[in-house]
Amino acid sequence: QVQLVESGGGLVQAGGSLRLSCAASGSVFSINAMGWYRQAPGKQRELVATITSGGSTVYADSVKGRCSISRDNAKNTVYLQMNSLKPEDTAVYYCNVDVVRSSSLSPRAYWGQGTQVTVSS
């Protein structure tokens with residue numbers, strides 16, 4: 001009973017910016033780590049960025065310096081600010097949220113439905 005709703009994708013020119021959002025709802029007791037992954041056509045899914053409940057972040061080398069992940073715990077939402085976008089960033093972006101559904105359950109990872117990001121040259 002956890003739902004993740006993604007938004008913010010679209011078509012932008014190279015050098016442009018986008019901000020992706022992913023909001024968790026449903027049976028959410030608390031949230032540990034949150035992150036973003038992407039999958040380009042014909043390629044495997046890869047990590048973009050993650051953020052822990054304490055605010056520690058990890059970025060893929062390919063986006064380091066161009067992307068910034070953040071979270072709003074009051075809204076159970078994770079964001080990905082993407083700047084200086086390149087055609088190579090074109091992919092479907094998926095959020096992943098590590099959810100604790102109750103105080104007696106272990107965390108479980110949930111995936112969003114994906115949002116398309118297309119960067120034109």
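Visitor: In what order do the elements of the protein run from the N terminus on?

Guide: In this predicted model, the elements run β-β-β-β-β-β-β-β-β-β-β. The secondary structure comes to zero helices and eleven strands.

Visitor: Why is the protein called as compact as a globular protein of that length?

Guide: Its radius of gyration is 14 Å, and the globule rule gives 14 Å for 121 residues; the two values are close, so the description applies. Along the principal axes, the C-alpha trace spans about 50 × 25 × 25 Å.

Visitor: What makes Tyr 37 and Trp 111 an aromatic pair, and why is the pair called edge-to-face?

Guide: The ring centres of Tyr 37 and Trp 111 are 5.0 Å apart, and rings pair if their centres lie within 6.5 Å. The planes stand at 65°; because angles over 60 degrees count as edge-to-face, the pair takes that name. The count comes to one aromatic pair.

Visitor: Why is this pair said to tie together parts apart in sequence?

Guide: Tyr 37 lies in strand 4 (residues 30–39) and Trp 111 in strand 10 (residues 108–111), so the parts joined are 74 residues apart in sequence.

Visitor: Are Tyr 37 and Trp 111 buried, partly exposed or exposed?

Guide: Tyr 37 has 24% relative accessibility and Trp 111 has 38%. Buried means under 20% and exposed means over 50%, so Tyr 37 is partly exposed, and Trp 111 is partly exposed.

Visitor: Which residue lies over the face of Tyr 79, and which over that of Tyr 94?

Guide: Arg 19 lies over the face of Tyr 79, at 4.3 Å from the ring centre. Arg 45 lies over the face of Tyr 94, at 3.8 Å from the ring centre.

Note on methods:
Residues are numbered from 1 along each chain as its sequence is written. This is a predicted model: local features need pLDDT of at least 70, side-chain atom pairs count only at pLDDT 80 or more; totals for chains, interfaces and linings use all residues. Side-chain values use heavy atoms; hydrogens and water are left out. Rings of Phe, Tyr and Trp (its six-membered ring) pair if their centres lie within 6.5 Å; planes under 30 degrees apart count as stacked, over 60 as edge-to-face and the rest as tilted. Helices (H or I, at least four residues) and strands (E, at least two) are DSSP runs, numbered from the N terminus. Buried means under 20% relative accessible area, exposed over 50%, partly exposed in between (1.4 Å probe, protein chains only). A charge sits over a ring if NZ of Lys or CZ of Arg is within 6 Å of the ring centre and within 35 degrees of the ring normal. The radius of gyration is taken over C-alpha atoms; the globule rule is 2.2 Å times the number of residues to the power 0.38.
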